[in-house]
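I wanted to see how the parts of the protein meet, and then look at one residue.

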Amino acid sequence: MTDTRTNCAPTALTHFINGEHWTGTSSEVHQVRNPATGQQIAQAPCGTTADVDRAVAAAKAAFPQWSRRTPAERSELLLQAAEVVTTHAEDLAQLESVNAGKPMPLAREDVAGTIDTLRFMAGAARSQPGVSAGEYVAGRTSMLVREPVGVVAGIIPWNYPLMTAAWKIGPILAVGDTCVLKPSEQTPLTVLRLAELLDPVLPSGVLNVVTGRGSVVGEALATHPDVALVSVTGSVGSGKAVAHAAADSLKRVHLELGGKAPVVVFADADLEAVADGVVFAGFGNTGQDCGAACRILVEESVHDELVALLTARAEALVVGDPAEGEHIEMGPLVTEEHRDRVTGFLERAYAEGVRATTGGQAAGGAGFFMPPTVLVDIPGGAECVREEIFGPVVTVEKFTGEDAAIDAANDVPYGLSASVWTTSARRSADVPARLDFGTVWINDHLAFATEMPWGGFKASGYGRDLSAYALEDYSRTKHIMLNRTR
Ligand code: NAD
């Protein structure tokens with residue numbers, strides 16, 4: 001089938017710096033593909049340290065004026081930005097679908113999340129809380145000022161390119177910082193389009209985009225002396241590399257990294273609801289979600305029933321090229337390399353005695369497809385239940401007793417999100433309190449509220465996206481004390 005939507009995509013992309021397209025200082029390009037067909041849809045420049053210098057200089061030059069605007073003025077521009085995205089919502093969703101392999105309904109949800117984030121941050125810019133000014137020491141008046149930090153670098157992944165861009169841009173611009181964004185090599189299309197679309201709204205230099213490799217562009221941003229804070233959404237390895245690189249200049253680091261979300265199912269849970277929830281949150285976005293419901297821990301007495309329900313639901317999912325129509329529920333993995341990585345996890349799992357009740361190996365043909373897969377018979381400590389697979393693969397393990405369930409859930413290096421499924425009010429209160437994860441859902445999974453923080457513990461990083469807490473992360477406090485006796 002011909003994918004007419006690829007016409008939306010420009011073939012020769014450029015960086016976007018200081019309100020202008022910039023071809024860059026290197027002729028090297030990265031081939032951007034449609035993962036559903038494997039076809040090349042665009043070429044993105046491989047940025048260099050000179051390109052990063054140019055973008056950081058533009059952001060630095062724009063900072064004094066942008067940071068001096070009142071919160072109301074910045075808020076008004078963020079609301080206008082949300083309006084522009086609303087006007088172009090369908091085009092952006094199509095572009096995201098073609099580049100990231102997302103079914104159109106999901107791509108539209110990402111655009112809706114982008115709009116809501118910009119709107120929320122526009123409001124939050126005007127209502128930052130803090131300690132009230134007052135006489136905390138006799139004869140002296142203390143005032144707390146919240147200031148922007150300067151130029152902030154945002155390094156983002158391929159699984160939610162547009163939405164993670166908004167999760168950075170929203171709070172960064174709201175508090176008065178200026179920004180240089182680096183999209184993933186694989187998915188620069190919507191981020192570059194967003195920068196173009198916002199150009200008439202934002203002053204030049206406030207938002208800049210440099211495309212290219214993490215080891216070059218990301219590293220240059222992390223080490224740049226004029227970048228005050230570097231914020232990464234990505235894998236644990238990339239987060240560590242950025243934290244190391246940022247250490248010499250002692251710049252602040254904000255890390256939103258990987259996850260391995262346990263789904264703790266007690267025998268009193270509504271198993272139909274669990275199966276629906278896992279299919280949505282485990283196979284949605286082809287399982288390429290940091291909070292994906294990927295590790296089911298189920299009370300022994302209902303294990304077989306849940307496995308049967310999950311297997312049936314997985315087999316009913318409609319997998320295909322999102323261009324085929326609105327009925328497609330699950331698309332491909334993002335690249336051939338990533339499909340091979342997921343396959344590697346499966347092969348090693350089978351070598352450990354693990355069994356797939358459905359799916360289990362990559363599909364042939366064009367595109368990077370992998371069917372929804374349910375794994376059972378898992379030996380303790382197996383790789384597939386400890387490491388982030390980041391594909392449509394759900395593991396199911398049994399437990400006996402609440403303490404064992406909690407110990408197993410916490411026994412991973414990650415601490416991003418988890419869910420608990422039960423009809424017991426006591427458990428709904430007690431179990432989340434003992435889970436070491438930044439978000440815990442009860443009888444739900446992967447539901448987001450823009451007003452609430454998103455971020456992890458342990459190897460999932462530190463820093464919070466969304467909510468008023470994100471504004472705190474991207475700003476700094478200053479105490480001004482006036483001695484009134486002199
Ligand atoms: P990735 O770590 O490969 O890449 C993320 C970004 O980091 C890319 O822009 C990449 O170019 C850049 N990068 C890579 N190496 C770098 C380096 N040495 N220095 C600076 N930048 C570098 O991640 P990915 O494969 O694009 O995305 C998937 C990962 O992101 C998963 O682990 C997923 O869990 C995580 N993720 C986390 C969240 C969250 O909110 N916690 C959200 C989405 C994705």
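How many residue pairs are in polar contact between domain 1 and domain 2? I found eight, with both residues at pLDDT 80 or more. The model is a predicted one, I noted.

**Entry: the two domains.** I looked up the division first. Domain 1 covers 5-257 + 460-479, and domain 2 covers 261-449. On the contact, I wrote down 24 residues from domain 1 and 27 residues from domain 2. The C-alpha centres of the two domains are 30 Å apart.

**Entry: the interface.** I checked the buried area next. Between domain 1 and domain 2 it comes to about 2100 Å². Carbon and sulfur atoms give 59% of that.

Then I turned to charges. One salt bridge is found across the interface of domain 1 and domain 2. I also looked up Arg108 and Glu326, whose side chains form a salt bridge at 2.9 Å, N to O. On the side of domain 1 that touches domain 2, helix 4 (residues 104-124) gives the largest share, with four residues. I sorted that side by class: 12 nonpolar, eight polar and four charged residues.

**Entry: Glu402.** I picked Glu402, which sits in helix 12 (residues 402-410). Is Glu402 buried or exposed? Its relative accessibility is 17%, and the cut-off for buried is under 20%, so Glu402 counts as buried.

What does Glu402 touch, neighbours within four places in sequence aside? I listed Phe266, Arg426, Arg427 and Val431. With Arg427, the side chain of Glu402 makes a polar contact of 3.0 Å.

How values were computed. Residues are numbered from 1 along each chain as its sequence is written. This is a predicted model: local features need pLDDT of at least 70, side-chain atom pairs count only at pLDDT 80 or more; totals for chains, interfaces and linings use all residues. Side-chain values use heavy atoms; hydrogens and water are left out. Domain bounds come from an automatic or database domain assignment. Contact means heavy atoms within 4.5 Å. Buried area is the accessible area (1.4 Å probe) that two parts lose on being put together, summed over both. A salt bridge is a side-chain nitrogen of Lys or Arg within 4 Å of a carboxyl oxygen of Asp or Glu. A polar contact is a pair of N or O atoms within 3.5 Å; within protein, one must be able to donate a hydrogen and the other to accept it, and residues adjacent in sequence count only if both atoms are side-chain atoms. Helices (H or I, at least four residues) and strands (E, at least two) are DSSP runs, numbered from the N terminus. Ala, Val, Leu, Ile, Met, Phe, Trp, Tyr, Cys and Pro count as nonpolar, Asp, Glu, Lys and Arg as charged, and the others, Gly among them, as polar. Buried means under 20% relative accessible area, exposed over 50%, partly exposed in between (1.4 Å probe, protein chains only).
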